[in-house]
Amino acid sequence: MNLTPISVKFDIGDGRIVTIETGKMARQADGAVTVRLGDCILLATVVANKEPKPGQSFFPLTVDYQEKFASAGRIPGSFFKREGRLSDYEVLISRLIDRALRPLFPDDYLCEVQVLVTLISSDPEVMPDALACLAASAALAVSDVPIQEIISEVRVARIDGKYVINPNRSALATADMDFIIGATDKNIMMVEGESKQCQEEDLISAIEAAHAAIKVQVKAQQELAQLKGVTGKREYTKPHQNEELKAKVEAFAKEKIYQVAKSASAKHDRSDAFKQIGVELVEHLGELPEEDAPLVGKYLHDLEKEVIRNMILDEKIRLDGRALDQVRPLAMETDILPSPHGSALFTRGETQSLTTVTLGTPEDELLIESASTSNYVKFILHYNFPPFSTGEVKPMRGPGRREVGHGNLAMRSLKQMMPGSEYPYTVRVVSDILESNGSSSMATVCAGSLALMDAGVPLPKHVSGVAMGLISRASDGAWAVLTDILGDEDHLGDMDFKVTGTRDGICGIQMDIKVDGLSMDVMRSALAQAQKGRLHIIDAMYAAVPAARPEPKPHAPRMEKIIIDREFIGAVIGPGGKIIQEIQRETGTTINIEEVGETGEVSIFSAQKEGLEKALKWIKGIVAVPEVGETYESVVKSIMPYGAFVEFMPGKQGLLHISEVSWKRLETMEGVLSEGEVVKVKLTGTDPKTGKFKLSRKALMPKPEGYVERPEREERGDRGDRGDRGGFRDRGPRDDRRGGGDRRDDRRGPRDDRGPREDRGPRNGGFDRNNNNEPEKPQEPYFDEQ
């Protein structure tokens with residue numbers, strides 16, 4: 001048994017080496033490789049059926065990316081303790097691979113192909129998504145599956161002004177541009193990513209930097225295929241063709257299709273007209289051989305595509321009659337639903353999104369887990385595409401890959417304008433597409449921005465989005481860029497790219513290119529036209545909602561976040577959680593405390609504004625440091641003969657001495673103050689010996705007319721040298737100093753003469769040890785200034 005692998009290596013930058021290896025694992029697959037960077041290892045396999053299924057009319061490609069939790073030394077947290085259906089994160093990576101690979105298969109290749117990429121070893125610093133498409137392409141390169149070109153993908157990020165290829169995870173956190181680029185050694189195939197308002201030329205520079213790195217990776221795959229001995233691709237059964245039938249279809253339907261295409265009719269009217277042409281065509285052709293019948297629909301569809309493309313290129317006429325750079329009519333409304341915390345209805349032509357915003361607590365944060373990471377996110381966006389939006393009847397299932405991908409693009413775009421960690425709410429945006437005829441994901445971005453501002457989320461700027469299309473003709477080099485494409489234009493075009501951003505720059509992009517040889521000049525033109533369309537939409541958005549509401553709606557939950565020193569976290573929580581539980585119980589709030597570095601983040605959530613303010617004041621009082629000279633509202637806690645103990649800040653008490661209650665001299669506290677009474681006091685200082693707070697009420701009262709201050713007690717100062725008073729032994733015998741005699745006898749007489757014990761009365765100044773008499777009054781605390 002020979003398990004010796006074949007491998008190639010290349011430097012990805014900064015001395016980081018990528019190794020591609022084949023021949024050791026999964027040898028029964030048509031192609032299998034491992035790709036390694038650091039401790040991150042991906043296994044990619046490809047298997048293709050030898051023959052298409054009978055009646056197959058489309059290319060069935062399946063791409064699945066999965067991360068094994070064992071790759072990071074973890075056990076899945078599910079009930080079954082095993083990997084289940086793909087997570088959204090895995091679906092998104094699967095889409096990145098699929099979108100880059102699909103255009104590279106021959107148009108007439110209809111055999112089912114399955115590409116599986118699995119993370120089998122994880123490195124916390126290596127992002128596996130940037131290596132997944134490299135692994136998939138390498139598996140195809142060493143197989144005989146008829147792929148036409150070799151590709152790869154890289155992540156390019158701008159960090160400190162420099163473009164970095166496949167940066168480490170920790171470095172990526174500081175990037176202001178983050179894109180995944182897929183390409184062959186000649187052409188760009190796919191772009192997706194986000195940025196903090198970058199400029200169009202910055203995006204071009206990032207693509208060029210990524211393409212240079214991809215050429216190195218493509219060359220390494222070609223070398224691996226040569227070492228493996230791959231000399232060609234398998235032959236496959238091509239679908240049946242009938243050129244004579246194709247000519248008949250063109251002769252009958254071409255002019256009819258053209259007339260419908262240039263009629264500028266609505267989507268369903270146009271669709272019905274095209275269907276009617278198909279019905280008439282079938283009647284015209286009559287009965288056909290069994291093998292030719294399926295070709296009629298294919299030839300008619302291909303003819304529709306050709307006629308419409310030529311009409312757009314030659315006559316600059318679009319299906320709905322618009323100019324090439326014209327955006328469809330816009331309509332926007334906000335606050336259209338009474339109960340959600342924010343809502344918006346965005347309509348652009350025949351595309352409509354109803355979007356809602358819900359504000360939640362930190363407990364509503366979403367946990368996103370992968371093999372190497374486990375993070376909570378507080379901004380969530382979900383995109384729903386019900387079948388009625390296109391006038392269809394379909395079973396309602398969970399969100400498909402399309403919904404996950406479109407929602408992710410909208411989320412990444414809006415996220416750029418979301419407030420930072422200081423914003424206390426968890427925010428969920430839900431876009432329900434009510435109508436769809438082109439770019440419902442961009443409608444979601446626009447509706448989401450409007451709804452977030454309607455909810456009072458402090459977005460500094462609106463984010464809009466527009467979907468662009470490209471139609472080109474290889475025969476004469478003609479091309480046209482289309483703004484705000486329709487669904488049909490998306491289907492027949494050569495490039496579909498969506499660009500989102502503010503007035504100041506790009507926030508997100510998703511680009512799929514279906515044609516070879518797209519020049520950077522064409523891409524620059526397309527980006528410039530996209531900017532114009534994006535700004536047109538954003539101007540309308542500002543006219544509808546110029547800024548975010550100053551605060552959430554009255555029925556929205558209230559939340560505040562304050563940052564405290566870490567040393568106060570225990571004081572707010574209290575022993576066994578006593579304090580924080582009391583605050584929540586008394587104010588009707590929910591409080592969450594999280595330690596972040598040297599600080600504590602305290603989030604207070606309440607359905608009522610009054611409870612929120614009460615809890616906020618309470619916590620601020622706990623963490624506040626009393627300042628001498630400040631005035632506080634205090635509550636009398638107990639009354640003593642010498643004054644009152646008052647709580648002037650939560651958990652902080654001090655003595656309001658009887659002499660500081662009033663300018664009038666008080667002999668007793670009786671009737672002056674009562675427990676629970678609120679009085680204003682001034683913090684005048686602290687006792688230098690005990691550290692206790694000293695408070696004054698009279699300092700806040702006007703001094704009575706004619707009031708004469710009591711003279712302050714003079715300081716005795718240094719007593720000086722009092723001279724030698726003589727040593728103890730120099731004072732003479734004890735008896736001489738006392739006058740001689742027995743001291744006891746002189747003072748009290750003989751002990752036996754004092755009478756019985758019970759006749760002598762109680763000791764200790766009248767206090768009976770048996771508590772038969774009242775105890776002495778407590779002694780007044782000592783203060784230096786009195």
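Is C111 buried or exposed? C111 is buried, at a relative accessible area of 1%; buried means under 20% relative accessible area, exposed over 50% and partly exposed in between, with a 1.4 Å probe and protein chains only. C40 is likewise buried, with a relative accessible area of 1%. The structure holds zero disulfides, a disulfide being a pair of cysteine sulfur atoms within 2.5 Å.

The model is predicted: local features need pLDDT of at least 70, side-chain atom pairs count only at pLDDT 80 or more, and totals for chains, interfaces and linings use all residues. Residues are numbered from 1 along each chain as its sequence is written, and side-chain values use heavy atoms, without hydrogens and water.

The largest nonpolar core has 154 residues. Such a core is a set of buried Ala, Val, Leu, Ile, Met, Phe, Trp, Tyr and Cys residues joined through side-chain atoms within 4.5 Å. I97, V117, V427 and L452 touch the most other members. Leaving out residues up to four places away in sequence, L452 touches V357, F379, L414, M418, V427, V429, V457 and L459; contact means heavy atoms within 4.5 Å. Another core, of 17 residues, lies apart from the largest one. Its members include I564, F568, V572 and I619. In soluble globular proteins, nonpolar side chains tend to be buried together.

S353 lies in strand β13, residues 351-360; strands are DSSP runs (E, at least two residues), numbered from the N terminus. S353 counts as buried because its relative accessibility is 0%. The side chains of S353 and S431 are joined by a polar contact of 2.8 Å. A polar contact is a pair of N or O atoms within 3.5 Å; within protein, one must be able to donate a hydrogen and the other to accept it, and residues adjacent in sequence count only if both atoms are side-chain atoms. Beyond its neighbours within four places in sequence, S353 also contacts residues including F346, D432 and A447.

Technical notes:
Helices (H or I, at least four residues) and strands (E, at least two) are DSSP runs, numbered from the N terminus.
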